[in-house]
Amino acid sequence: MIMGNRPIGVFDSGLGGLTVVKAIKKLLPNESILYFGDTARLPYGIKSKKLVIEYSNQIAKFLIKKNAKMIIVACNTATAMALEELKYNFKDIPIIGVIEPGSIQASSDSLNKNIGVIGTVATIKSGAYRHALKSIDNNINVFSKDCPLFVPFVEEGMIEGEAINLIVEHYLSSFQNNIDTMILGCTHYPLLEPVIKKYVKGIKLVDSASAVAKHADKILNEYKIKNINKKRGSLDCFVTDLPRQFEKLGRIFLGESINEPQLVDGF
């Protein structure tokens with residue numbers, strides 16, 4: 001198979017990475033995508049670094065065997081904990097994460113250099129966003145907040161209603177009010193954007209999915225592995241548990257129906 005015709009591999013602990021897939025499909029409609037959702041072992045945000053690295057290595061091997069020409073780690077926790085390890089272990093193909101593109105976007109959007117980051121416990125504890133933002137501009141002030149209940153609510157499709165409003169208010173009502181930009185530091189969070197906006201009025205929200213798609217486009221061009229066919233790319237999904245639930249909720253994340261995902265054993 002010609003290199004450019006090979007698919008892009010994208011993985012996340014569950015469904016959240018489909019927001020990245022949606023952005024890629026919009027920007028790069030000719031690219032075929034393999035999506036892997038590790039639904040049996042989610043969420044990654046409460047797992048140890050050792051486990052997240054182990055899971056990420058397993059999934060990367062799977063996607064490479066499926067002929068992926070590039071891997072996008074569409075999970076903030078896995079990016080924070082395992083990206084460098086993956087780059088070291090799989091040097092033959094480009095591997096990108098979600099943290100650097102989102103940080104570049106936020107640093108560009110912020111006027112007062114006060115940037116908020118919300119994410120899973122593991123992502124916030126890792127300090128990966130703080131490190132990325134400070135490496136871009138050491139004068140940036142970073143204010144972080146972990147929001148551990150956001151992911152399970154999104155995974156259950158509970159993205160509106162009284163319960164999620166109470167949880168968002170609980171996490172964000174006392175958040176630093178001098179920030180002008182906030183990074184949604186988890187690929188699930190864009191689905192909560194309408195609710196989040198109520199509690200962070202006047203603050204620019206950065207959804208890293210579109211930033212990742214732009215970065216992927218840049219890397220594909222650099223490596224000369226872009227698909228130049230005019231035919232629309234395909235999407236094949238793989239999960240480790242609950243394919244029917246994935247298919248049902250996946251429509252919410254992707255904005256369109258999903259072909260029945262394949263259940264992967266041995267994970």
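Where is Asn-67 found? Asn-67 sits in the loop between α2 and β3 (70–73), and I'll come back to this residue in a moment.

Hi everyone. A word on what we're looking at: this is a predicted model, where local features need pLDDT of at least 70 and side-chain atom pairs count only at pLDDT 80 or more, while totals for chains, interfaces and linings use all residues. Residues are numbered from 1 along each chain as its sequence is written, and side-chain values use heavy atoms, with hydrogens and water left out.

When I name helices and strands, these are DSSP runs numbered from the N terminus, with helices being H or I of at least four residues and strands being E of at least two.

So, back to the backbone. Most residues other than glycine have a negative phi, and most peptide bonds are trans. Asn-67 has a positive phi of about 80 degrees although it is not a glycine. Asn-67 is partly exposed, at 30% relative accessibility. For that label, buried is under 20% relative accessible area, exposed is over 50%, and partly exposed is in between, with a 1.4 Å probe and protein chains only.

Lys-224 is also not a glycine, and has a positive phi of about 55 degrees. Lys-224 is in the loop between α10 and β9 (235–239), and it is exposed, with a relative accessible area of 74%.

There is a cis peptide bond too. It joins Leu-42 and Pro-43, with omega about -5 degrees. You'll find Pro-43 in the loop between β2 (33–37) and α2.

Next, helix α10, residues 208–222. Its 15 residues reach 21 Å from the first C-alpha to the last, close to the 21 Å expected at 1.5 Å a residue; the expected span is 1.5 Å times one less than the number of residues. What caps the N-terminal end of α10? Asp-207 does, with a side-chain oxygen 2.9 Å from the backbone nitrogen of Ala-209. The buried residues of α10 include Val-212, His-215, Asp-217 and Leu-220.

Everything here is on a 1 Å grid over the protein atoms alone: a cavity is a set of points where a 1.4 Å probe fits but cannot get out, a pocket is an open set with protein on both sides within 12 Å along at least five of seven lines, and lining residues have an atom within 4 Å of a point. Grid points are joined across faces, edges and corners, and a volume is the space filled by probe spheres set on the points.

The largest pocket holds about 440 Å³. It has 21 lining residues, and Thr-79, Ala-80, Leu-83, Glu-84 and Ile-99 lie nearest its centre. Which helix gives the most to this lining? That is α3, with eight residues. By class, the lining divides into eleven nonpolar, five polar and five charged. Here Ala, Val, Leu, Ile, Met, Phe, Trp, Tyr, Cys and Pro count as nonpolar, Asp, Glu, Lys and Arg as charged, and the others, Gly among them, as polar.

The second largest pocket comes to about 250 Å³. Our helix α10 turns up again here, as α1 (18–27), α10 and α11 (243–254) each supply at least two lining residues. The most come from α1, with five residues. This lining has seven nonpolar, two polar and six charged residues.

On to the cavities: there are two of 30 Å³ or more. About 100 Å³ lies in the largest, which has 15 lining residues, with Ser-13, Cys-75, Thr-77, Thr-120 and Cys-186 nearest its centre. Five of the lining residues are nonpolar, nine polar and one charged. The second largest cavity is about 30 Å³, lined by Lys-25, Leu-28, Pro-29, Glu-31, Arg-232 and Gly-233.

Those cysteines bring me to my last topic.

Definitions and conventions: Polar contact = N/O pair within 3.5 Å; in protein donor to acceptor, adjacent residues only side chain to side chain.
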